[in-house]
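Trainee: I would like to go through this structure with you, one topic at a time. May I begin with a loop and then move on to other parts?

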Amino acid sequence: MLHLRKIFLAPLIACGTWLLPLPALAADHFNTLLYHHVSDVTPRSTSLSPDEFAAHMAYLHDNNYTVLDLGEAINAVQSGQPLAQNSIVITFDDAWKNIYTNALPILEEYGYPYTIFVNTDPVDQGNRFAMTWEMLRDVKQRGGTLANHTSDHDYLVRKPEYNEQWLADALANIDNAQQRLIAETGATPKWLAYPYGEYNLTLKQALKDKGYIAFGQQSGGIAKFSDWQALPRFPAAGPYANLKSLKLKLASQPMPVDYAAFPETVIRIDQGQANPPILTATMLKQEKKGVRQQLRCFILGAATAPDWSDTTHWQISANKALPEGRSRYNCTAPIWGQKNYYWLSQQWLIYAE
Ligand SMILES: [Zn+2]
């Protein structure tokens, strides 16, 4: 009897063990964490303490997340090669010295790769809070990646007019940082992190033409269907450092919509443009009714259901004008048959010169 049972159970077990690892290798997306300061003494809004950072890394390690090099993750997603189900990329904006002193030892404990987006003027000027070129070369020597965060970290789109001179200046700001990184540290990928995550459609297109991939600061994951000149990242410092809220984001997947068709992010109220802005989105596949019904957007602290014009098109707007400066529409929906959520975010800049 025992013998028989073994025979009958064997194929099931074989099936089970064969089937289980498949989804773990089949992801077509990854999530990116965005950090600035890793310090107890810098402004809290863009900081987390070394202890909190260590807790994030320990959580990734203990919960079977695979931390990937950004280049490796980009190549896999763009070429359609599968990634591990729980793939994470770690990035830092601004080359703060505290990243070098406080974050690197923790990252190296786990052997986690990372990318630092460098604004080069403070390094050139010997700003005492910025890393030196020597430190940045050491970062590369130790396996870190450096990329472009403009020269001067100025607002790129808070300018009177988006004319030819404006675009030439913005691109020169970016080109100069690229040249400085190459001159001081060698080969540098054409990846830009927009200061404050602010961009407009004209700049985005110009960067695409120049072969750049660019990152914002709106939350969400990255897949082939992402807008590659407006890639999202999950801010993980200040109010977002809390692991409880971060867990849901780490496990989330990019909402499959047509990101390239998203509207202009800058609303010029000095030019009479409509505020609040409307986000229109097209789902890339037909989602179950239950998923559509549970899609919610979180705007100015309230959850709102979008308007669906058919089974793939929806739109959402705040119920009052957004304040001047940056705001985000964050939208989530449950993924059918999973405990995880789709995630989508659009950052707006409400601006008057
Ligand atoms: Zn920055």
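Trainee: In which loop is Arg128 found?

Mentor: Arg128 is found in the loop between α6 (120-124) and α7. Please keep in mind that this is a predicted model.

Trainee: Is Arg128 buried or exposed?

Mentor: Arg128 has 65% relative accessibility, so it counts as exposed.

Trainee: How far apart are Arg128 and Lys97 in space, C-alpha to C-alpha?

Mentor: They are 8.1 Å apart in space, C-alpha to C-alpha, and 31 residues apart in sequence. Lys97 is also one of the α5 residues that touch α7.

Trainee: At roughly what angle do α5 and α7 cross, then?

Mentor: The axes of α5 and helix α7 (residues 133-141) cross at roughly 35° and come within 10 Å. The crossing is left-handed.

Trainee: Which residues make that contact?

Mentor: From α5 there are Lys97, Tyr100 and Leu104, and from α7 there are Met135, Asp138 and Val139. The residues of this contact of α5 with α7 comprise four nonpolar, no polar and two charged.

Trainee: Let us turn to the metal. Which residues coordinate the zinc ion?

Mentor: The zinc ion is coordinated by Asp94 through OD and by His149 and His153 through NE2, at 2.0 to 2.1 Å. Along the chain, these donors follow the spacing D-x54-H-x3-H.

Trainee: Where do Asp94 and His149 lie?

Mentor: Asp94 lies in the loop between β5 (87-93) and α5 (97-110), and His149 lies in the loop between β7 (145-148) and α8 (164-185), so the pair ties together parts that are 55 residues apart in sequence.

Trainee: Are those two residues buried or exposed?

Mentor: Asp94 counts as buried because its relative accessibility is 7%. His149 also counts as buried, because its relative accessibility is 0%. The cut-off for buried is under 20% relative accessible area.

Trainee: What about the backbone of Asp94; what is its phi?

Mentor: Asp94 has a positive phi of about 75°, although it is not a glycine. In general, most residues other than glycine have a negative phi, and most peptide bonds are trans.

Trainee: Which residue besides that one has a positive phi, of about 50°?

Mentor: Leu300 has a positive phi of about 50°, and it is not a glycine either. Leu300 lies in the loop between β15 and β16 (302-304). Its relative accessible area is 42%, so Leu300 is partly exposed.

Trainee: And the peptide bond from Asn275 to Pro276: cis or trans?

Mentor: That bond is cis, with omega near 10°. Pro276 is found in the loop between β13 (266-268) and β14 (278-282).

Trainee: Back to helix packing. At about what angle do α3 and α10 pack?

Mentor: Helix α3 (residues 50-62) and helix α10 (residues 243-250) pack at an angle of about 40°, and their axes are 12 Å apart. That angle makes α3 oblique to α10. As for handedness, α3 passes α10 in a right-handed crossing.

Trainee: Which residues make the contact there?

Mentor: On α3 they are Ala55, His56, Tyr59 and Leu60, and on α10 they are Leu243, Leu246, Lys247 and Leu250. The residues of this contact of α3 with α10 divide into six nonpolar, one polar and one charged.

Trainee: What does Gln294 touch, not counting residues up to four places away in sequence?

Mentor: On that basis, Gln294 touches Thr332, Ala333 and Pro334.

Definitions and conventions. Residues numbered from 1 in each chain as written. Predicted model: local features only at pLDDT ≥ 70, side-chain atom pairs only at ≥ 80, totals over all residues. Heavy atoms only, no water. Axes fitted to C-alpha atoms, helices over the stretch in contact; angles between N-to-C directions. Helix = DSSP H or I, 4+ residues; strand = E, 2+ residues; numbered from the N terminus. Parallel < 35°, antiparallel > 145°, perpendicular 65-115°, else oblique. Left-handed = near helix turned anticlockwise from the far one by under 90°. Contact = heavy atoms within 4.5 Å. Nonpolar A, V, L, I, M, F, W, Y, C, P; charged D, E, K, R; others polar. Donors = N, O, S within 2.8 Å, 3.2 Å for Na, K, Ca; no water. Buried < 20%, exposed > 50% of the residue type's maximum accessible area, 1.4 Å probe, protein only.
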